[in-house]
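Welcome! Take a moment to turn the model around on your screen, and then let us walk through it together.

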Amino acid sequence: MAAGALRTVPLAGELTASLIIRVAARYGLAAGNVLRLWTCRNFPARHDGGGVRADAEVVLNDAGRRVLAELCGVEPAVLARALPALTVDDPKISTGGEAAVAQVRWRAAGSVVGPAAFGCRLCTARRTGQAVRAVRYVPRWQRVCGRHSRWLLDADADQPLEHLDLRGIPEVVAAQRQWPSVARRAVRAGVVPEQAFAVAHAVVARWWEEALFWDQEEIWPRRLHQLAGGSVGAELEWWRIVGRDAAVFPEVVTVAGALLEPATAELAWSASGGKRPRARDANDPFCSWLGERVGRTWLGPLASADYGSPLSNWTGAVVRTRRGGPERWRDAPWRLKRELQPAAMAGQLRVRAAERQAGGSGTRWRATVPAEHRLRITQLLDESREQLAQLRGVQSGTTAEVARTLLEHLSQSAELIDRAVLHTATAAVAAGVALQDVAQWSRLPAQELAQVLATGQADR
């Protein structure tokens, strides 16, 4: 094969590995045959099922970059502008006496540059003349191909689809057009757009998980069925994982824009009681206003009751900042805690596959405990955590005031934890765990626990 005999143009933001695979396809060769031009230091990451991950990326040394430029028939400067990972160095291949040898090392795209998604094949064919798969580095707020009304899916998940059809959901395409103005608003507010998107995505993803039990929710089910080609059929759980980000994208953009408005922080501050903090109730004006912004006038009471959520974390950070604190608190509302970050599609699919392999043995919690029961336990724990969080800095004032605040919140938190214990015990026993073991772990008398479980009084 003569180097550069067939010119192969890179796509903007394309993975280096994706370009090499397209080069091989252009010459009618297997990718492995082309990769022999480099000395390979390891192997690409694979899925649990054995297939190579689509987001497997390669890092080259200087000699390896020259080989790629010659192979594509493209100037090195052009490749460097198009391929974000091309200039990334790896000490394991870039130093030592072998630096003159063309070398390559496999990495996961996320550890090199960032999230990777499948490219639109129609756009790839229009740009390069090749109707083949391409993988590009694409931020999560740019997953819509407006030209062909497609949602581009994450490339790291073990599933067969590359895109979802958006032709019946124009509001998702419209949300993509609205995002640049939201990003500009974030910059003007001194917020990194990526952080604003991450917080809004976490808020809406939390609603998505709970919406499975919302009788009033009609928008997301319609979108999900549309994404599935008309109906999800018997694969509701699978489609809820694969279609989530596309289905909720309009609400994510709306929430991001709403949280960036100066009046929003003021509303959250006044709803919390300002300098005289009070617990949120079902008529919390901030949550009601946000529900109206996303077209759900009934959402306010449900959102206000979800303590420990990403939205609660954002409002709590806003309130703490207003009350005064260290300088580092100024950007606290836009720092999303790791435990509040929604699970990615790839991770959810791996968990689902593992649960299916467990069958009915009861050895895996998520496989045996219904989602509604797990959600109730999570809500109780979050509410308890929120009660305790409100005690920060309260030990100043009169003895009566401090004692009343501490005891009220501590007793409420203790009650919530007790209920969480009983709900967990109920789920464990129902899943086949021995009552004696559950009683020992929960430090409850076995006879008393059995009576409570038998009468179904876990919430009393």
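**A strand and its sheet**

From strand β2, the residues Ala56, Val58 and Leu60 point one way, while Glu57 and Val59 point the other way, and all are buried. Buried here means under 20% relative accessible area, exposed means over 50%, and partly exposed is in between, found with a 1.4 Å probe on protein chains only. Helices and strands are DSSP runs numbered from the N terminus, with at least four residues (H or I) for a helix and at least two (E) for a strand. In a regular strand, side chains alternate between the two faces of the sheet. Because 5 of the 5 residues of β2 (residues 56–60) are buried, this strand is largely enclosed by the rest of the structure.

Before going further, a word on what you are looking at. This is a predicted model, in which local features need pLDDT of at least 70 and side-chain atom pairs count only at pLDDT 80 or more, while totals for chains, interfaces and linings use all residues. Residues are numbered from 1 along each chain as its sequence is written, and side-chain values use heavy atoms, with hydrogens and water left out.

Which strands does the sheet contain, and in what order? It is an open sheet of 3 strands in the order β1-β3-β2, with mixed pairing. Its edge strands are β1 (39–40) and β2, each of which pairs on one side only. Two strands pair if DSSP finds at least two bridges between them, and β2 and β3 are joined in the antiparallel sense over 5 bridges. You can trace this pairing by eye: alanine 56 has alanine 108 of β3 as its bridge partner, and leucine 60 stands opposite valine 104 in β3.

**Charged partners**

Side chains of opposite charge can pair when their charged atoms come close. A salt bridge is counted when a side-chain nitrogen of Lys or Arg is within 4 Å of a carboxyl oxygen of Asp or Glu, and the whole structure holds 25 of them.

One of these salt bridges joins aspartate 90 to arginine 105, with 3.5 Å between the closest N and O atoms. Aspartate 90 sits in the loop between α4 (76–82) and α5 (91–94), and arginine 105 in strand β3 (residues 103–108), so this pair links distant parts of the chain, 15 residues apart. Both aspartate 90 and arginine 105 are buried.

Now look at glutamate 217 and arginine 296, whose side chains meet in a salt bridge at 2.6 Å, N to O. Glutamate 217 lies in the loop between α9 (193–210) and α10 (219–227), and arginine 296 in the loop between α14 (285–293) and α15 (299–304), so the pair ties together parts that are 79 residues apart in sequence. Both of these residues are buried. Salt bridges that share partners join Glu171, Glu217, Arg222, Arg223, Glu251 and Arg296 into one network.

Is arginine 167 buried or exposed? Arginine 167 counts as exposed because its relative accessibility is 65%. Its salt bridge is with aspartate 165, the closest N and O atoms being 2.5 Å apart. Aspartate 165 has a relative accessible area of 29%, so it is partly exposed.

**Spaces inside**

Rolling a probe the size of a water molecule over the atoms shows where empty space is left. On a 1 Å grid over the protein atoms alone, a cavity is a set of points where a 1.4 Å probe fits but cannot get out, and lining residues have an atom within 4 Å of a point. Grid points are joined across faces, edges and corners, and a volume is the space filled by probe spheres set on the points.

How many cavities of 30 Å³ or more does the structure hold? There are 3. The largest cavity has about 120 Å³ of space. Of its 13 lining residues, Arg140, Arg143, Trp151, Asp154 and Asp245 are the closest to its centre. Helix α12 (244–260) gives the most to this lining, with 3 residues.

The second largest cavity has about 40 Å³ of space. Among the residues lining the second largest cavity are Val203, Trp207, Asp306 and Leu311. Here α9 provides the largest share of the lining, 3 residues.

Technical notes
On a 1 Å grid over the protein atoms alone, a cavity is a set of points where a 1.4 Å probe fits but cannot get out, and a pocket is an open set with protein on both sides within 12 Å along at least five of seven lines; lining residues have an atom within 4 Å of a point.
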